[in-house]
Amino acid sequence: MLIFNWLNCVILGAAFSVPLLMDPMVMSVLYVWCKLNADTIVNFWFGTQFKAALLPWVLLGVNLLLTSSVKYSLIGIVVGHLYYSLKFLYPSYRNTPSLLETPQFLKNYFPDVTGGVYGFGGNRLNNQPRPAGGRFSNWGTGHRLGNN
């Protein structure tokens with residue numbers, strides 16, 4: 001996704017004379033996340049809450065108010081929508097495999113890790129719980145305060 005979005009940001013940035021591509025890249029990734037989590041409630045300034053599907057458009061409006069330019073946000077939204085359409089929408093309409101797949105050499109170099117969130121020292125490879133004992137296992141039960 002990042003490579004595809006970066007290439008499209010470079011192409012659109014060259015076409016529209018955008019020298020800095022960080023804002024469009026962030027907006028494109030945010031747009032894809034918001035489309036995949038459309039019903040998630042997000043918090044914004046001053047406790048404002050709304051569904052994630054509206055977040056890119058709210059940020060576009062904030063950029064319009066603060067910088068009076070929406071060029072960066074619009075490029076990001078267009079690139080994010082292009083990725084989302086080619087990866088998720090078009091294959092679901094046509095019952096075909098996804099048009100955008102991660103190349104095998106990247107999958108070999110960065111293997112897929114699925115599952116929950118891992119803490120420090122957890123066994124990530126086979127998702128087994130942390131063994132009993134460890135650094136603080138022999139501290140004892142302690143003494144309750146207030147009871148002599």
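Student: Okay, leaving aside neighbours within four places in sequence, what is N8 in contact with?
Tutor: N8 is in contact with V79 and L82, once you leave aside its neighbours within four places in sequence. Keep in mind that this is a predicted model.

Student: Where is N8 found, then?
Tutor: In helix α1, which covers residues 2-15.

Student: And is N8 buried or exposed?
Tutor: Buried: its relative accessible area is 16%, and the cut-off for buried is under 20%.

Student: So what does the side chain of N8 reach?
Tutor: The backbone oxygen of F4, at 2.9 Å.

Student: Let me jump to K87. Which helix does K87 lie in?
Tutor: K87 lies in α4, the helix that runs over residues 71-94.

Student: It's a lysine, so I have to ask: is K87 buried or exposed?
Tutor: K87 is buried, with a relative accessible area of 18%.

Student: Which backbone oxygen does its side chain reach?
Tutor: The one of L100, with the K87 side chain at 3.0 Å from that oxygen. Not counting residues up to four places away in sequence, K87 touches L100 along with S98 and E101.

Student: Good. Zooming out now, how many helices and strands does the chain have?
Tutor: Five helices and two strands. Reading along the sequence, you get α-α-β-β-α-α-α.

Student: What share of the residues counts as buried?
Tutor: 23% of the 148 residues in the protein chain.

Student: And how much of the contact set comes from residues 24 or more positions apart?
Tutor: Taking contacts in the chain with a separation of 6 or more, 41% are between residues 24 or more positions apart.

Student: Let's do helix packing. At what angle do α3 and α4 cross?
Tutor: Roughly 165 degrees, with the axes coming within 9 Å; α3 is residues 55-67 and α4 is residues 71-94. That crossing angle makes α3 roughly antiparallel to α4.

Student: What's the handedness of the crossing?
Tutor: Left-handed, as α3 passes α4.

Student: Which residues meet there?
Tutor: From α3 you have P56, W57, L60 and N63, and they meet S73, L74 and I77 from α4. By class, that contact has five nonpolar residues, two polar ones and no charged ones.

Student: How about α2 and α3, what angle do they pack at?
Tutor: About 145 degrees, and the axes are 9 Å apart; α2 here is residues 22-36.

Student: Who makes the contact?
Tutor: M27, L30, Y31 and C34 on the α2 side, and L55, P56 and L59 on the α3 side. The class breakdown is seven nonpolar, no polar and no charged residues.

Student: Switching to the strands. Where does F44 lie?
Tutor: In the loop between β1 (41-43) and β2 (49-51). F44 is partly exposed, with a relative accessible area of 21%.

Student: Which residues is F44 in contact with, leaving aside neighbours within four places in sequence?
Tutor: F50, L55, V58, L59 and V62. As for L59, its C-alpha atom is separated from that of F44 by 9.7 Å, and the two residues are 15 apart along the chain.

Student: Last one, F16. Where is its place?
Tutor: F16 is in the loop between α1 and α2. Leaving aside neighbours within four places in sequence, F16 is in contact with K71 and I75. The C-alpha atoms of F16 and Y72 are separated by 9.8 Å, with the residues 56 apart along the chain.

Definitions and conventions
Residues numbered from 1 in each chain as written. Predicted model: local features only at pLDDT ≥ 70, side-chain atom pairs only at ≥ 80, totals over all residues. Heavy atoms only, no water. Axes fitted to C-alpha atoms, helices over the stretch in contact; angles between N-to-C directions. Helix = DSSP H or I, 4+ residues; strand = E, 2+ residues; numbered from the N terminus. Parallel < 35°, antiparallel > 145°, perpendicular 65-115°, else oblique. Left-handed = near helix turned anticlockwise from the far one by under 90°. Contact = heavy atoms within 4.5 Å. Nonpolar A, V, L, I, M, F, W, Y, C, P; charged D, E, K, R; others polar. Buried < 20%, exposed > 50% of the residue type's maximum accessible area, 1.4 Å probe, protein only. Polar contact = N/O pair within 3.5 Å; in protein donor to acceptor, adjacent residues only side chain to side chain.
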